[in-house]
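Please look over the model below. A short report on its helix packing follows it.

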Amino acid sequence: PLFRSKRIAEIVANEYGVEPDKIIKSRSIYREPRQVMLEICYRLNYRKMSLRKMGEEVGGISGERITQVHKLVREKVAEDGQLRDLIDRLTDKILT
């Protein structure tokens, strides 16, 4: 199944105590929550939805930008176990 970015944004935003619309905006001041949302969107929809379509759902960014954020978050997660655990926990919450 497809996992819509709006639902993912709601769960991530709730975790960070911000409004979902605030992290969907492409120029969000909430950098980490937005990156977490984009990473989870990428993980759950990678082979089910085009990156272009995914980008349209998350504030009108390019598929290339989603790939860049994925690489950035992957590097952060390699160094930050708490961030990795947070992303894993939120992903599990979305899947259940």
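Predicted model: local features only at pLDDT ≥ 70, side-chain atom pairs only at ≥ 80, totals over all residues.

Residues are numbered from 1 along each chain as its sequence is written, and side-chain values use heavy atoms, with hydrogens and water left out.

**Helix H3**

Helices here are DSSP runs (H or I, at least four residues), numbered from the N terminus. H3 has 15 residues and reaches 21 Å from its first C-alpha to its last. That is close to the 21 Å expected at 1.5 Å a residue, where the expected span is 1.5 Å times one less than the number of residues.

Of the 15 residues of H3, 12 are buried, so H3 is largely enclosed by the rest of the structure. Buried means under 20% relative accessible area, exposed means over 50%, and partly exposed lies in between (1.4 Å probe, protein chains only). Among the buried residues of H3 are Arg34, Gln35, Glu39 and Asn45. Their list also includes Val36, Leu38, Ile40 and Leu44. The cover over the buried residues of H3 includes H1, H2, H4, H5 and H6.

**Helix H1**

H1 covers residues 5-16. Its 12 residues reach 16 Å from first C-alpha to last, close to the 16 Å expected. Ser5, Ile8, Ala9, Ile11, Val12 and Ala13 are the buried residues of H1. They pack against H2 (20-24), H3 (31-45), H4 (51-57) and H6 (81-95). Just after H1, Gly17 takes a positive phi of about 75°.

**Two helix pairs**

Axes are lines fitted to C-alpha atoms, for helices over the stretch in contact, and angles run from 0 to 180 degrees between N-to-C directions.

| Pair | Angle | Axis separation |
|---|---|---|
| H1 and H3 | about 140° | 9 Å |
| H5 and H6 | about 120° | 5 Å |

H1 and H3 pack at about 140°, which makes H1 oblique to H3. Angles under 35 degrees count as roughly parallel, over 145 as roughly antiparallel, 65 to 115 as roughly perpendicular, and the rest as oblique. H1 contributes Ser5, Ile8, Ala9, Val12 and Tyr16 to the contact (heavy atoms within 4.5 Å). From H3 come residues including Val36, Met37, Ile40 and Leu44. By class, this contact of H1 with H3 has 10 nonpolar, two polar and one charged residues. Ala, Val, Leu, Ile, Met, Phe, Trp, Tyr, Cys and Pro count as nonpolar, Asp, Glu, Lys and Arg as charged, and the others, Gly among them, as polar.

H5 and H6 are also oblique to each other. Their contact joins Val73, Lys76, Val77 and Glu79 of H5 to Gly81, Leu83, Arg84 and Ile87 of H6. It has four nonpolar, one polar and three charged residues.

**Single residues**

Leu38 lies in H3. Is Leu38 buried or exposed? Leu38 is buried, because its relative accessible area is 5%. Leaving aside neighbours within four places in sequence, Leu38 is in contact with Val58, Ile61 and Val69. The C-alpha atoms of Leu38 and Met54 are separated by 8.9 Å, and the two are 16 residues apart along the chain.

His70 sits in H5 (residues 63-79). At 13% relative accessibility, His70 is buried. Not counting residues up to four places away in sequence, His70 touches Glu39 and Tyr42.

Ser62 lies in the loop between H4 and H5. Its relative accessibility is 40%, so Ser62 counts as partly exposed. Ser62 and Arg52 are 10 residues apart in sequence and 5.9 Å apart in space, C-alpha to C-alpha.

Definitions and conventions
Helix = DSSP H or I, 4+ residues; strand = E, 2+ residues; numbered from the N terminus.
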